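Look at the sequence and the structure first.

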Amino acid sequence: MLPSPQWMGRPEKHPRRAIVDGILYVVRTGCAWRYLPIDFPPWQTVYSHFQRWNRRGVTDRIPTELREEVRLAHDRQPQPTAGIIDSQSVRAADTVHRDTCGYDSGKKVNGRKRFIVTDTLGLLVTVWVLAASWQDRDGTKGDQQGFVVHRRRWVVERTLAWITAHRRLARDYETRPATSEAMIRWAAIAGMLGRLTRGGPATRQQRRTLNTPD
């Protein structure tokens, strides 16, 4: 799914797998790019690939292809026929430009608002990141005619919970909203790759009780 290396010029020094692992490490742990452990390629290399793939639309295409594979594995049609939408307001770090932030008076949050659309399996379809001051009725406008309350609305809420389980997305640290959207897509990529390898969504371990002798 990644673009082929350029056939002219110096061969790439680091394997693509290591680059992807580095990006997913940043998204999952929330560390700064400069603090990427030495087990990965240099942070400058990982970050430059992250930016380049975003500019070339690679980060948009990968979730689409993975979503089709997951849906086929669940005996669904490749393309969803229904979408479930929800929003989430998150606080913004001091690295976020003030002109891209706002105040959500309902949630009492000063930061940004994430609008996501998923299919009925909870797989990401699209994402927008706007100032938290945007009202849901404005941020969710599209070409869809008509709207109904879906009984599986909990699916998209579960997806938002999965997203915020990635520390980089616990709040918004990104300078530009487009970078925030890319981070959310990479979190979705990690989740769909996990589904393909596990055969289903992740589940929490059951709490264990320790039985001590009297």
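## Helix H3 and what follows

H3 is followed by Asp-75, whose phi is positive, near 60 degrees. Helices (H or I, at least four residues) and strands (E, at least two) are DSSP runs, numbered from the N terminus. This is a predicted model, in which local features need pLDDT of at least 70 and side-chain atom pairs count only at pLDDT 80 or more, while totals for chains, interfaces and linings use all residues. Residues are numbered from 1 along each chain as its sequence is written, and side-chain values use heavy atoms, without hydrogens and water.

H3 covers residues 58–73, which is 16 residues. The expected span of a helix is 1.5 Å times one less than its number of residues, so H3 should span 22 Å; its end C-alpha atoms are 23 Å apart, which agrees.

## The buried side of the helix

Several residues of H3 are buried (under 20% relative accessible area, with exposed over 50% and partly exposed in between; 1.4 Å probe, protein chains only). Among them are Val-58, Ile-62, Leu-66 and Arg-67. The cover over the buried residues of H3 includes helix H2 (43–55), strand S4 (124–131) and helix H6 (177–198).

## The hairpin

S4 also belongs to a hairpin with S3, with 5 residues between the two strands. Strand S3 (residues 109–118) and S4 pair in the antiparallel sense over 7 bridges; pairing requires at least two bridges found by DSSP. Thr-118 stands opposite Leu-124 in S4. In the turn, Gly-122 has a positive phi of about 90 degrees.

## The whole chain

The protein chain has 6 helices and 4 strands, in the order α-α-α-β-β-β-β-α-α-α from the N terminus. Of its 214 residues, 39% are buried.

Notes: Contact = heavy atoms within 4.5 Å.
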